[in-house]
Amino acid sequence: MSEKILVVGGVALGPKAACRCKRLMPDAEVMLVDENVFISYGGCGIPYYVSGEIQNLDDLRSTPYHTVRDTEFFRDMKGITVRTQTRALAIDRAAKTLLVKDVVSGKEEKLPYDKLVLATGASPRVPPIEGKDLKNVLSLTRLEAAGAIRAACQEGKVSEAVIVGGGFIGLEAAVALADMWGVKVSVVEMMDQILPGVLSQPLSLMAANDCLTHKVDVFTSEKVLRLEGENGTVTKVVTDKREIPAQLVIFAAGFIPNGQLAKDAGLEVAPFGAVVVDEHMRTTDPSIYAGGDCVAIKNIITGKIGYLPLGSMANRQGRTIGTNLAGGNARFPGFVGTWAVKLFDLSFCGVGLTVDRARKEGFDAMSVSVEQLDHAHFYPEKAMMSLELVVDKATSRVLGIQGACADPDSLKARIDAVAAALQYSKPTVEDISNLEIAYAPPFASAMDVVNVVANVADNALSGRFTPVTADQFMDLWKKRSENHVFFIDARPAAAGKAVQEKYPDWHAMPLEEIAARISEVPKDRPVAIICNTGLRAYDSLLVLARNGVTNVVNSTGGMQAAIKMGLSL
């Protein structure tokens with residue numbers, strides 16, 4: 001008798017698990033149920049449909065060979081029965097049945113299963129505020145919402161929009177609305193930076209400045225209190241600091257895992273609502289699997305249970321579940337948290353922990369940053385890349401890396417290399433310093449930027465210099481009347497002298513001149529040194545050290561990092 005496989009949820013993980021199982025076990029009766037009309041679509045592509053980069057909504061539902069993944073596709077090409085507009089209500093584990101309801105007719109029935117897969121996803125986090133039910137208040141997680149937003153923009157009904165939340169989806173939505181449609185966009189984030197938890201403060205300043213220079217306002221440390229409207233349609237967002245006019249509001253303040261169905265059935269659920277699974281993606285009932293945005297999985301770096309709702313994660317977990325449904329023994333060991341987001345001029349990418357998160361997890365962590373060209377400096381096409389490496393001081397273990405660059409592919413290649421190391425080992429600074437990177441001038445420098453940031457970390461861990469970020473350096477400069485720091489600009493003479501003429505406290509001392517002018521540098525005051533990227537400043541620091549000047553901090557990202565952050569003297 002063929003085995004009955006029942007899958008709840010049809011966006012990413014559900015279809016992947018169902019199709020994998022059917023390929024490996026062709027005689028299985030596989031049914032997929034979902035309460036929505038559309039299934040098996042690329043939700044992460046929704047902002048790019050809104051922006052116009054993806055022209056047709058069906059492209060998000062299509063295979064690489066341009067066949068739309070609808071119910072007929074799964075029936076005819078995959079041998080899978082799909083029931084849309086069918087809501088799962090309750091699991092009877094003893095009887096092995098799932099109570100479902102047709103959302104159109106209201107009819108309820110019990111579906112039998114031998115094995116059940118929960119791919120119930122997550123719901124957008126919407127605060128319980130006045131006005132959240134007004135028209136044109138949406139989230140960017142469903143195809144229907146994407147179509148409505150784009151239509152409103154095309155018809156000229158939206159001139160001002162507010163994005164509530166400065167995470168991945170919120171920023172992608174901001175770029176889509178501002179770049180394609182010329183909408184005046186404001187991003188409101190209750191944390192003290194955008195991309196909280198995945199970017200360090202300095203890199204977050206770069207992301208915010210990229211938005212600001214493209215006329216997207218960024219308001220951090222700010223809370224939305226209520227939405228106001230006229231004739232049932234939103235017209236204004238009121239925060240604890242200002243009022244912002246808006247004909248469109250998009251909530252992108254994170255997700256809440258849909259674990260209630262599992263919890264009601266007595267399955268183990270984490271305190272934050274996600275379903276707990278083992279490395280085979282089984283719940284506490286061996287006949288029930290779960291994956292995707294509804295599950296809690298292990299963070300490989302911390303060893304603790306975590307949560308990371310990403311489409312790539314759901315697809316890989318779906319393959320694991322599909323294999324195991326068919327009698328296999330596939331494992332999903334956890335995540336290291338690799339991510340990427342494209343803004344305007346810059347793209348950002350990272351993996352692992354930021355320095356702040358690492359410290360909260362109990363590591364004695366520090367971070368170092370560099371600015372270096374992604375290709376050989378003599379190659380005509382190149383872009384300046386920012387990289388920040390997070391390490392544990394006691395063990396030199398690498399805990400994470402994040403970066404920014406105008407070339408998204410160059411940046412992603414570096415992050416992916418470190419991600420692979422983090423996923424399968426506990427790499428040290430020395431490991432990353434010696435990481436083998438493919439080299440040719442059109443692709444990289446002979447000493448790649450990934451190797452360089454590890455070398456900088458090694459120097460800092462060894463006490464050879466004290467790094468400061470560009471924003472920390474600028475803060476020292478602003479408070480120079482209080483801290484009595486002696487500031488050195490190690491750039492070529494023309495750049496430094498132009499600043500010195502305006503600010504007498506700024507000392508233009510090019511690297512080539514420092515040894516001859518060492519008498520000008522006081523030994524009884526702290527010294528802060530900067531150059532364009534940090535390289536000349538480090539060499540200058542070594543000259544100072546040889547001459548007895550050791551109380552020195554070096555801006556590792558230099559003026560390039562400061563410019564990206566929107567900082568000036």
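In the predicted model, the 12 residues of helix H4 (residues 143-154) should span 16 Å at 1.5 Å a residue, and the end C-alpha atoms of H4 are 16 Å apart, which agrees with that expectation. The buried residues of this helix are Leu 143, Ala 145, Ala 146, Ile 149, Arg 150, Ala 152 and Cys 153. An α-helix has 3.6 residues a turn, so residues three or four places apart point the same way. Just after H4, a positive phi of about 75° is found at Gly 156.

Two or more lining residues are contributed by each of helix H6 (201-212), strand E24 (365-373), strand E25 (384-392) and helix H18 (558-565). By class, the lining consists of 8 nonpolar, 4 polar and 2 charged residues.

Strand E22 (residues 339-342) presents a covered face formed by Trp 339 and Val 341, whereas Ala 340 and Lys 342 make up the uncovered face. E22 pairs with strand E23 (residues 347-352) in the antiparallel sense over 4 bridges, and the two strands form a hairpin with 4 residues between them. Within this pairing, Ala 340, on the uncovered face of E22, stands opposite Cys 349 in E23.

Definitions and conventions:
Residues are numbered from 1 along each chain as its sequence is written. This is a predicted model: local features need pLDDT of at least 70, side-chain atom pairs count only at pLDDT 80 or more; totals for chains, interfaces and linings use all residues. Side-chain values use heavy atoms; hydrogens and water are left out. The expected span of a helix is 1.5 Å times one less than its number of residues. Buried means under 20% relative accessible area, exposed over 50%, partly exposed in between (1.4 Å probe, protein chains only). Ala, Val, Leu, Ile, Met, Phe, Trp, Tyr, Cys and Pro count as nonpolar, Asp, Glu, Lys and Arg as charged, and the others, Gly among them, as polar. Two strands pair if DSSP finds at least two bridges between them.
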